[in-house]
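Here are a few friendly notes to read alongside the model. Please keep the sequence open as you go.

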Amino acid sequence: MAFTIASAPHGHSQQKTATMMRWVLAALIPGIATQCYFFGAGVLVQLMLALLTAAGSEALILALRRRPIGRHLQDSSALLTGALLAVALPPLAPWWLVVIGTAFAIIVAKQLYGGLGQNPFNPAMVGYVLLLVSFPSQMTSWQPPLGLGTAQPDLLQAMQAILHSEAAHWRHTIDGVTSATPLDSMKTQLGMGRDLSTIHAQPQFGQWAGVGWEWVNLAFLAGGLFLILIGTIAWQIPTAMLLSLTLCAAIAHGLHPEQFMAPLLQLLSGATMLGAFFIATDPVTAATTPRGRLIYGALIGLLVFIIRSWGGYPDAVAFSVLLVNILVPLIDSCSRPAIYGK
């Protein structure tokens, strides 16, 4: 009987890599649809550009490496990287932003290390951090969600704004905030000495954690629970991450309720649910042992809370995932199950 050796990701869900990637793409649909409803059709344009760039970049590098293009593209890992990056970008960001970020994620963060299974860092988050550090103004220019703005661009208007860099026109015609997320606005106002209760009473924060953002997070939560139900991702990482973030937020909010955000605001704003179920659970860059996954997820949740509370970036999911990616070999080596008899 032949024994086949293959590169990571290795899982026990009895699903092929391509099947797993496509299930994850399918589970993103509720979140993407909710994002389109609240933030306009620009989300679809960004998604289209990211998918085309991801497939093109993957094909180019595979051709240069003289690898079979069709077989490697069929695993859908490049498409998933592009989709995860696209949903994290402002819907009316200029076209070159998503192209640069996606190309960098595929070419440098993935293929430069040898392709799927060899990359130590989550490619989508590497591309996102590159854009956030290099182009902070474009990355923090979100139009107000439905319910706060006076209009949302349709598909044609979104394409014109993105492809012809006319997004500034929509920012002037829509009366609302220009921060990346409610997290950014709250962090800025807390730095100005305002009380948390006064800030949270503003219309943009909605009922729980920000108009639109709370429903987007709930939609990604639903998609993530579906992935756990069908066995595509393990429950340990998202559970540990969310519990760790909730515990830290609850303790800090209980001690200083006017300085630290409540747990519900932490959980349902920014990219919390997207990060917990779709980014941190990457089978290549995440911990692989059951106990290691709990440690891995808990560390991400802890870092998200620390960076959101005291760091310079309000939504810390990308930085937290990349920082803990560095520790994955150590986590796995320290959490290996003991050999039977020892």
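The numbered points below start with how to read the model, then turn to one helix, its neighbours and the cysteines.

1. This is a predicted model, where local features need pLDDT of at least 70, side-chain atom pairs count only at pLDDT 80 or more, and totals for chains, interfaces and linings use all residues. Residues are numbered from 1 along each chain as its sequence is written, and side-chain values use heavy atoms, with hydrogens and water left out.

2. Find Thr-81 in helix H5, residues 77–87; helices are DSSP runs of H or I with at least four residues, numbered from the N terminus. Thr-81 has a relative accessible area of 9%, so it counts as buried (buried is under 20% relative accessible area, exposed over 50%, partly exposed in between, with a 1.4 Å probe and protein chains only).

3. What does Thr-81 touch, leaving aside its neighbours within four places in sequence? Its contacts are Ala-105, Ile-106, Pro-123 and Ala-124, where contact means heavy atoms within 4.5 Å.

4. Of the 11 residues in H5, 10 are buried, among them Ser-77, Leu-80, Gly-82 and Val-87. Their cover includes helices H1 (17–27), H2 (29–39), H3 (42–64), H6 (95–107), H7 (123–134) and H16 (272–279).

5. Now look at H1, where Ala-18, Met-20, Met-21, Val-24 and Ala-27 are buried. The buried residues of H1 pack against H2, H5, helix H13 (213–229) and H16.

6. Searching the whole structure turns up zero disulfides, a disulfide being a pair of cysteine sulfur atoms within 2.5 Å. Cys-248 is buried because its relative accessible area is 17%, whereas Cys-334 counts as exposed because its relative accessibility is 55%.

Technical notes: Helix = DSSP H or I, 4+ residues; strand = E, 2+ residues; numbered from the N terminus.
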